Amino acid sequence: MQNSTNLSIDCVDKLKVLADETRLAVLQLLIDSPKRVREMNAILHLEQSLLSHHLQVLRRAKLVVRERDGKAFLYRLAPEVEVATGKALNLGCCVLSFN
């Protein structure tokens with residue numbers, strides 16, 4: 001069982017990752033369904049390398065996971081991130097709403 005100090009640190013780390021608008025936008029895109037990098041790029045209009053960087057940060061924070069889909073990668077919310085009612089994500093330490 002995690003103690004409250006470890007949970008607080010984990011929560012702080014997640015919130016630091018989510019302080020970036022692009023990373024928030026990526027999570028919002030993934031609420032509805034998994035997406036490939038090119039699908040996200042078509043909506044976000046970022047350089048592929050910049051989007052890849054943000055996806056890597058989200059993966060390290062265990063907020064998204066990826067799987068091989070042919071030559072591309074398919075990104076989805078990590079199993080630890082629960083989609084709450086509406087456009088909200090339960091991160092375990094808090095609920096992030098996109099309303």
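Colleague: How do the residues of the lining of the largest pocket divide into nonpolar, polar and charged?

Modeller: This is a predicted model, in which local features need pLDDT of at least 70 and side-chain atom pairs count only at pLDDT 80 or more, while totals for chains, interfaces and linings use all residues. Residues are numbered from 1 along each chain as its sequence is written, and side-chain values use heavy atoms, with hydrogens and water left out. As to classes, Ala, Val, Leu, Ile, Met, Phe, Trp, Tyr, Cys and Pro count as nonpolar, Asp, Glu, Lys and Arg as charged, and the others, Gly among them, as polar. Here the lining comprises five nonpolar, four polar and four charged residues.

Colleague: What volume does the largest pocket have, and which residues are the closest to its centre?

Modeller: On a 1 Å grid over the protein atoms alone, a pocket is an open set of points where a 1.4 Å probe fits, with protein on both sides within 12 Å along at least five of seven lines; lining residues have an atom within 4 Å of a point. A volume is the space filled by probe spheres set on the points, which are joined across faces, edges and corners. In this model the volume is about 190 Å³. Of the 13 lining residues, Val37, Gln48, Ser52, Phe73 and Tyr75 are the closest to the centre.

Colleague: Which element gives the most to the lining?

Modeller: Helices (H or I, at least four residues) and strands (E, at least two) are DSSP runs, numbered from the N terminus. α4 gives the most, with five residues; α3, α4 (48–60) and β3 (72–77) are the elements that give two or more.

Colleague: At what angle do α3 and α4 cross?

Modeller: Axes are lines fitted to C-alpha atoms, for helices over the stretch in contact, and angles run from 0 to 180 degrees between N-to-C directions. The axes of α3 and α4 cross at roughly 110 degrees and come within 10 Å. The two helices are therefore roughly perpendicular, a term for angles of 65 to 115 degrees.

Colleague: Which residues meet there?

Modeller: Contact means heavy atoms within 4.5 Å. Val37, Met40, Asn41 and Leu44 in α3 meet Gln48, Leu51 and Leu55 in α4. This contact has five nonpolar, two polar and no charged residues.

Colleague: How do α2 and α4 pack?

Modeller: Their axes lie 10 Å apart, at an angle of about 75 degrees.

Terms used. Parallel < 35°, antiparallel > 145°, perpendicular 65-115°, else oblique.
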